[in-house]
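Subject: The structure I promised you

Hi,

Here is the structure we talked about, with my notes on what turned up in it. Have a look at it first, then read on below.

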Amino acid sequence: MARTPGGDRTTPTTRIHVVSDVHGNARDLARAGDGADALVCLGDLILFQDYADRSRGIFPDLFGAENANRVVELRTARRFEEARALGTRLWEALDVDRVTAIESAVRRQYAELFAAFPTPTYATYGNVDMPALWPEYAGPGTRVLDGERVEIGGRVFGFVGGGLRTPMRTPFEIGDEEYAAKIEALGEVDVLCTHIPPEVPELVYDTVARRFERGSRALLDAIRRTRPRYALFGHVHQPLARRVRIGGTECVNVGHFARTGRPWVLEW
């Protein structure tokens, strides 16, 4: 007999691996589905800036590790306007088209990352992703879902991608009402899959960045109202708490995959 993450004693017949915040880790992503019936990815494939290794990512590739380090320090100190001003000066000095340069770098990452997805993969966007490019790279074994439901192994999974608007101004941030509408469209599901967490202090506080990330009140309300078995998410890399139970729902931060290289396992 095996124990599922929720604590039920069953003989599992379905095994799902879940990852989030991949941030360029194609090597481990290629193995993330080993032994699973399916892989679920909750977004943030792109590595724009690695806060742990500041020499890695699109920004340091363009502007060097020293400038990347300075930007991280400013953002960590919540001096977002100064960080944006520094970024503006660096782009002006580089004298290239910003949109073209970023898209070219993102395309290189997406080509490698989507090729690493196993079959089948069910994926939704993170706040640093560029959804408009995904159809070009998602192969027939990868299903992209946002505000949609799918049945996996007899259970209904609901997916909502993206993040809410913040001073960071990452690529796929949307308004609270638009996000709430996508949550509402799912209705009742067994497993609620999002990139960002519900608005619970222990789940949204990042202990290394030393700030509260944005969670969703609409997501929290939906969990209380519809009571899914699980609510799975990422976004907060070093949360104060990785698991919180809300009523009958196990809320789980499935981890910063870029750092750990290990998927979270769901069996039933």
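Predicted model: local features only at pLDDT ≥ 70, side-chain atom pairs only at ≥ 80, totals over all residues.

Alanine 116 sits in helix α5, which covers residues 98-116. What does alanine 116 touch, if you leave aside neighbours within four places in sequence? The contacts are Ala26, Leu29 and Ala30. If you want a sense of scale, alanine 65 is 51 residues from alanine 116 in sequence, and their C-alpha atoms are 27 Å apart.

**The sheet**

Now to the strands. There is an open sheet of five strands with mixed pairing, and the order across it is β6-β5-β4-β3-β17. The edge positions belong to β6 (142-144) and β17 (264-267); each of these has a single partner strand, so one side of each has no neighbour in the sheet. From one strand to the next, the twist averages 20°.

As a reminder, strands in a sheet pair through backbone hydrogen bonds, and they can do this parallel or antiparallel. Which way do β4 and β5 run? They are parallel, with three bridges joining β4 (residues 38-41) to β5 (residues 121-123).

Cysteine 41 is in no disulfide, and the nearest cysteine sulfur to it belongs to cysteine 193, 11 Å away. A disulfide would need the two sulfur atoms within 2.5 Å.

**Aromatic pairs**

Searching the whole structure gives 14 aromatic pairs. One of them is phenylalanine 63 with tryptophan 91, an edge-to-face pair with 5.0 Å between centres and 85° between the planes. This pair links distant parts of the chain, 28 residues apart: phenylalanine 63 is in helix α2 (residues 58-63) and tryptophan 91 is in helix α4 (residues 80-94). Both phenylalanine 63 and tryptophan 91 are buried.

Why is the pair of tyrosine 125 and tryptophan 134 called edge-to-face? Their ring centres are 4.6 Å apart and their planes are at 65°, so that is the class the pair falls into. Both tyrosine 125 and tryptophan 134 are buried. These two also belong to a cluster linked by ring pairs, made up of Tyr110, Phe114, Phe117, Tyr125, Trp134, Tyr137 and Phe172.

**Salt bridges**

Oppositely charged side chains can pair when their charged atoms come close. How many salt bridges does the structure hold? There are 16. Here are a few to look at:

- Arginine 79 and glutamate 82 meet through their side chains at 2.7 Å, N to O. Arginine 79 is partly exposed at 34% relative accessibility, and glutamate 82 is partly exposed at 39%.
- Glutamate 81 forms a salt bridge with arginine 84, with 2.5 Å between the closest N and O atoms. Both residues lie in helix α4, three residues apart, which is about one turn of the helix. Glutamate 81 is exposed, with a relative accessible area of 55%, whereas arginine 84 is partly exposed at 24% relative accessibility.
- Arginine 107 and glutamate 136 form a salt bridge at 2.7 Å, N to O. This pair links distant parts of the chain, with arginine 107 in helix α5 and glutamate 136 in helix α6 (residues 134-137), 29 residues apart. Arginine 107 is partly exposed, at 23% relative accessibility.

There is also a network in which salt bridges with shared partners join Arg27, Asp28 and Arg31.

Cheers

Key: Residues numbered from 1 in each chain as written. Heavy atoms only, no water. Pairing = 2+ DSSP bridges. Helix = DSSP H or I, 4+ residues; strand = E, 2+ residues; numbered from the N terminus. Axes fitted to C-alpha atoms, helices over the stretch in contact; angles between N-to-C directions. Contact = heavy atoms within 4.5 Å. Phe/Tyr/Trp six-rings, centres within 6.5 Å; stacked < 30°, edge-to-face > 60°. Buried < 20%, exposed > 50% of the residue type's maximum accessible area, 1.4 Å probe, protein only. Salt bridge = Lys/Arg side-chain N within 4 Å of Asp/Glu carboxyl O.
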